Amino acid sequence: MSEIRRQGPWRVPQLLRVKGIMSEMKIDLRYAVLPPACTIDVTAVMANVSFIVPPGMIVDFDVTSFMASAHNDERAMAASVYTLPHVRIRGRAIMAELKVRVRERGR
């Protein structure tokens, strides 16, 4: 029953595990340093987990949901637009909300 935010400049490991149980989590990747082919493994149980990415970041979204909402706002763009690292978000959401939002830097 808490709130966790990760924002600003930070270094993301090759495999980041995020577990939210009855909490709210916001992970901002707009200023983060990501390794090539970064994977984020998420487990959300009765929680709200949000990832904020900049436009142009490739996001593979592979989340299984049960009585939950899981969606990716990242939209397909022309191949020349993708200039940022690739991140893979995978995991499960149980009675939770898991979302990827696209926001410009500075907003």
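**Largest pocket and its surroundings**

The lining of the largest pocket is made up of 11 charged residues, three polar ones and two nonpolar ones (nonpolar covers Ala, Val, Leu, Ile, Met, Phe, Trp, Tyr, Cys and Pro, charged covers Asp, Glu, Lys and Arg, and polar covers the others, Gly among them). The model is a predicted one, where local features need pLDDT of at least 70 and side-chain atom pairs pLDDT 80 or more, while totals for chains, interfaces and linings use all residues. Residues are numbered from 1 along each chain as its sequence is written, and side-chain values use heavy atoms, with hydrogens and water left out.

The largest pocket holds about 210 Å³ of space. Of its 16 lining residues, those closest to the centre are Arg5, Lys26, Ser50, Ile52 and Arg101. Two or more lining residues come from each of β1 (3-6), β3 (24-28), β5 (48-53) and β9 (97-102), and β3 gives the largest share, with four residues. On the terms used here, a pocket is an open set of points on a 1 Å grid over the protein atoms alone, where a 1.4 Å probe fits, with protein on both sides within 12 Å along at least five of seven lines; lining residues have an atom within 4 Å of a point. Grid points are joined across faces, edges and corners, and the volume is the space filled by probe spheres set on the points. Strands are DSSP runs of E with at least two residues, numbered from the N terminus.

Next come two residues of strand β4. Thr39 lies in β4, as does Asp41, with the strand spanning residues 38-45. Thr39 is buried because its relative accessible area is 15%, and Asp41 counts as buried because its value is 16% (buried is under 20%, exposed over 50% and partly exposed in between, with a 1.4 Å probe and protein chains only). Neighbours within four places in sequence aside, Thr39 is in contact with Gln14, Leu15, Leu16, Arg88 and Arg90 (contact means heavy atoms within 4.5 Å). With residues up to four places away again left out, Asp41 touches Leu15, Leu16, Arg17, Val18, Arg90, Gly91 and Arg92. Asp41 and Arg90 sit 49 residues apart in sequence, yet their C-alpha atoms are 5.1 Å apart in space.

Ser23, by contrast, counts as buried at 13%. Beyond its neighbours within four places in sequence, Ser23 is in contact with Ser2, Met46, Ala47 and Asn48.

The loop between β3 and β4 holds Leu29 and Leu34. Is Leu29 buried or exposed? Leu29 counts as buried, since its relative accessibility is 1%; Leu34 is buried too, at 11%. Setting aside neighbours within four places in sequence, Leu29 is in contact with Trp10, Val12, Leu34, Ile40, Ile52, Val53, Pro54 and Met57. For Leu34, the contacts on the same terms are Val12, Leu29, Met57, Pro85 and Val87. Leu34 and Val87 are 53 residues apart along the chain, and their C-alpha atoms are separated by 8.0 Å.Leu84 belongs to the loop between β7 (69-72) and β8 (86-94), and counts as partly exposed at 25% relative accessibility. Leu84 touches Pro54, Pro55, Gly56, Met57 and Arg105, not counting residues up to four places away in sequence. Leu84 and Ala96 are 12 residues apart in sequence, while their C-alpha atoms are 29 Å apart in space.

Arg105 also lies over the face of Tyr31, at 5.7 Å from the ring centre (a charge sits over a ring if NZ of Lys or CZ of Arg is within 6 Å of the ring centre and within 35 degrees of the ring normal). As for aromatic pairs, a search of the whole structure finds zero (rings of Phe, Tyr and Trp, the last by its six-membered ring, pair if their centres lie within 6.5 Å; planes under 30 degrees apart count as stacked, over 60 as edge-to-face and the rest as tilted).
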